[in-house]
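Here is a short report to read beside the coordinates. It covers ligand surroundings, helix packing and a few backbone details.

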Amino acid sequence: MESAMFQLSPVNPFFRGEQSRISSCRQQTVTTPVYATLPAAPRTASPVPRLTSLYHFSRAGEYGSRNYPGNCGGNLIKDLIRFFQPSTVFDPMTGSGTCRDVCLELAIPCFSTDLKSGFDAADPKAYAQFSETPGFDFVWAHPPYWRQKIYSDNPRDISFAPSLDAFLECYAVFIRECASLLSPRGKFAILMGDYQDREAGFIPLTYHTKRLAFACGLQQVCTDIIRFSHGASSSRKIYRSSFIPGLHDVCMIFDRPRR
Ligand SMILES: C[S@@+](CC[C@H](N)C(=O)[O-])C[C@H]1O[C@@H](n2cnc3c(N)ncnc32)[C@H](O)[C@@H]1O
């Protein structure tokens, strides 16, 4: 699977094209993979040649817990760490600890925390504890995609924000505070997906991520990394309504411009 092939969701009519194949596929099973050819990547001096703008690891790896809602596989984090070679990592919305486990394996000191362990990443006061520490070389952030999955009914949980504006207000504080913790060579990776529901419509959260990052003086370091959502629970559902399914989220990497 890590070669030049990737899996497509068998219920995705955009790639399938033929109606007859869709219905027969639905009758078969929603777990049957189909394959498409990826564009060839140029050779570069990268220590992680498979890390390109299309990230398609179908195995999550033994990091964190796959049962945790919104869990992301650890391989992308591992590849980014191998590429950027940080000596310290900050993981402020750790969930089941995927980033923490990757860092344990790579023997890189990682400060992992979450609202569930008492750290409110949308509260500027929570960052006072870092005022004496040197900056982090790598910040890994995997925030809620607003209310796509609700992690708790804690009013400080940004997945529980009552409106998009309320979510974005907290998200802006979070991005600004994490940016302030970067070391001079620090990189800030944010994994985010767009969101839609009937009430709110389509919410381009990846656009808002960049907008908020740029507004606090960050710049984008490299290409967006489109992460294929293998194993997403929505891929196994059948919907009555017609829409174009999103099968990916986007990892964006920022740093501070050098003066
Ligand atoms: C997408 S999940 C992270 C999943 C993680 N990457 C994993 O693989 O298990 C988002 C996390 O953000 C946390 N969260 C929500 N609001 C928060 C806040 N204000 N401060 C810190 N963490 C928050 C949730 O508790 C949840 O664990």
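**Ligand shell**

This is a predicted model. A shell of 24 residues surrounds the ligand. The closest of them are Gly70, Gly95, Ser96, Thr98 and Ala121. By class, the shell holds 11 nonpolar, 8 polar and 5 charged residues.

**Two helix pairs**

Packed helices are described by the angle between their axes and by the distance between those axes. Two pairs are listed here.

| Helix pair | Angle between axes | Axis distance |
|---|---|---|
| H5 (residues 164–180) and H6 (residues 205–215) | about 50° | 9 Å |
| H3 (residues 75–84) and H4 (residues 98–106) | about 50° | 9 Å |

Take H5 and H6. The axes meet at about 50°, so H5 is oblique to H6. The crossing of H5 over H6 is right-handed. On the H5 side, the contact is made by Leu168, Tyr171, Ala172 and Ile175. On the H6 side, His208, Leu212 and Ala213 take part. This contact comprises 6 nonpolar residues, 1 polar residue and no charged ones. In an α-helix there are 3.6 residues a turn, so residues three or four places apart point the same way.

Now H3 and H4. Their angle is about 50°, and therefore H3 is oblique to H4. H3 passes H4 in a right-handed crossing. H3 contributes Ile77, Lys78 and Ile81 to the contact. H4 contributes Thr98, Cys99, Val102 and Leu106. The classes here are 5 nonpolar, 1 polar and 1 charged.

**How H3 is covered**

H3 is mostly covered, with 8 of its 10 residues buried. Those buried residues are Asn75, Leu76, Ile77, Lys78, Asp79, Leu80, Ile81 and Phe84. What do the buried residues of H3 pack against? One partner is the helix H4. The others are strands: E3 (54–55), E6 (136–141), E7 (182–192), E11 (225–228) and E12 (248–255). Ile77, Lys78 and Ile81, named above for the H4 contact, are all on the buried list.

Most residues other than glycine have a negative phi. Two residues here depart from that pattern.

Gln85 follows H3. Its phi is positive, about 50°, although Gln85 is not a glycine. Gln85 sits in the loop between H3 and strand E4 (89–91).

Ala107 is the second case. Its phi is near 60°, again positive in a residue other than glycine. Ala107 lies in the loop between H4 and strand E5 (110–112). Ala107 counts as exposed, because it has 6 C-beta neighbours inside 10 Å.

**Arg185 in strand E7**

Arg185 has its place in strand E7. With 15 C-beta neighbours inside 10 Å, Arg185 counts as partly exposed. How far apart are Arg185 and Phe136 in sequence and in space? They are separated by 49 residues in sequence. In space, the C-alpha to C-alpha distance is 8.7 Å. Strand E7 is also one of the elements that the buried residues of H3 pack against.

Key. Residues numbered from 1 in each chain as written. Predicted model: local features only at pLDDT ≥ 70, side-chain atom pairs only at ≥ 80, totals over all residues. Near = placed C-beta within 6 Å. Nonpolar A, V, L, I, M, F, W, Y, C, P; charged D, E, K, R; others polar. Axes fitted to C-alpha atoms, helices over the stretch in contact; angles between N-to-C directions. Helix = DSSP H or I, 4+ residues; strand = E, 2+ residues; numbered from the N terminus. Parallel < 35°, antiparallel > 145°, perpendicular 65-115°, else oblique. Left-handed = near helix turned anticlockwise from the far one by under 90°. Contact = placed C-beta atoms within 7 Å. Buried ≥ 20, exposed ≤ 12 C-beta atoms within 10 Å, placed from the backbone.
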